[in-house]
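Thank you all for making time this morning.

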Amino acid sequence: MQPDDPTKPVVVREPDALKGARPVLRGGGGREASSLPSNREFAACRLDVKSFAEDAGTLAGEEPVRLHERLMAETQGRGAEVPVRWSATGEVRNAGHVQPQIWLHLTANTVLPLTCQRCLAPVDVAVAVQRSFRFVPDEEMAAAQDDASEEDVLALSRSFDLVELVEDELLMELPLAPRHEACPAPVQLAPADPGVEARRPRENPFALLGKLKIGKS
Ligand SMILES: [Zn+2]
């Protein structure tokens, strides 16, 4: 594995605070790997969420927008090579408890060339997400608890698609009507938006008087 390859998620292991600091291990070394259960490698697109949390694992990745079909639809094909950067950490809360909680903390960001709703030219919109998810044993539980609590609750999986979650979360952060702060080209309201005039017809004040008189008679 090449840690510098930008297309592959890089596994970075943080020292386990409870068991004393260990050297940060990157995959491939293999010398001590067999004796260290925490040297498990995790794949972002099929993540064993529970193991990841138990290991306090960390995953980070960067891939071009073109690998996210739904984001590409939002940019109308622009910005295919723009990077989407993300990182995730796993955590077990209440480890000694009967029902320890499995958590995943996610950050992600990108800059998408969306379409300005005022001038229809591309506008770069920075999108950033920072969110934590609690994982429960099954979908039914996740649906019920997600509705009932303010926390984001998901169902545990041994092959959870973290990259898809990154895309889901970024999509939810997109502005409904992206706009330039100041559009680069002057906006010509009259031809582009004839509705503005139509909604506010200018009435001749004398015509109004006429209507009033009719109303009285
Ligand atoms: Zn604009």
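Let me begin with a definition: a residue is called buried if 20 or more other C-beta atoms lie within 10 Å of its own, exposed if 12 or fewer do, and partly exposed in between, with the C-beta atoms placed from the backbone. By that rule Met-172 is exposed, because 10 other C-beta atoms lie within 10 Å. Please keep in mind that this is a predicted model, in which local features need a pLDDT of at least 70 and side-chain atom pairs count only at pLDDT 80 or more, while totals for chains, interfaces and linings use all residues. Residues are numbered from 1 along each chain as its sequence is written.

The pLDDT is the predictor's confidence in each residue, on a scale from 0 to 100. The chain averages a pLDDT of 79, and 67% of the residues score at least 70. Over residues 196–201 the pLDDT is below 50, and this stretch has one contact in the model beyond near neighbours in sequence, where a contact means that the C-beta atoms of two residues, placed from the backbone, lie within 7 Å. Residues 1–6 also stay under 50, and for them the model has five contacts beyond four places in sequence.

Now to the overall layout. Helices (H or I, at least four residues) and strands (E, at least two) are taken as DSSP runs, numbered from the N terminus. On that basis the chain has seven helices and six strands, and along the sequence they follow the pattern β-α-β-α-β-β-β-α-β-α-α-α-α. Of the 217 residues, 19% count as buried. Among contacts with a separation of 6 or more, 57% are between residues 24 or more positions apart.

How do the strands pair? Two strands are said to pair if DSSP finds at least two bridges between them. Strand S3 (residues 83–93) and S4 pair in the antiparallel sense over nine bridges, with Arg-93 having Gln-101 in S4 as its bridge partner. Strand S4 (residues 101–115) in turn pairs with strand S5 (residues 122–136), again antiparallel, over 14 bridges.

S4 and S5 form a hairpin with six residues between them. Leu-120 counts as exposed because it has 12 C-beta neighbours inside 10 Å. Gln-76, likewise not a glycine, has a positive phi near 55°, and its place is in the loop between helix H2 (69–74) and S3. With 11 C-beta neighbours inside 10 Å, Gln-76 also counts as exposed.

Let me turn to the core. A nonpolar core is a set of buried Ala, Val, Leu, Ile, Met, Phe, Trp, Tyr and Cys residues joined through C-beta atoms within 7 Å. The largest one here has 29 residues, and those with the most contacts inside it include Leu-104, Leu-112, Phe-135, Leu-162 and Val-166. The elements that give two or more residues to this core are helix H1 (49–54), S3, S4, S5 and H4.

That brings us back to helix H4 (residues 162–173), where Met-172 has its place. H4 has 12 residues and reaches 17 Å from its first C-alpha to its last, close to the 16 Å expected at 1.5 Å a residue, the expected span being 1.5 Å times one less than the number of residues. Which residues of H4 are buried? They are Leu-162, Val-163, Leu-165, Val-166, Glu-167, Glu-169 and Leu-170, and they pack against strand S2 (58–64), H2, S3, S4 and S5. Leu-162, for one, touches Ala-44, Cys-45, Leu-47, Leu-59 and Ala-88, leaving aside residues up to four places away in sequence. As for Met-172, Val-127 is 45 residues away in sequence and 9.7 Å away in space, C-alpha to C-alpha.
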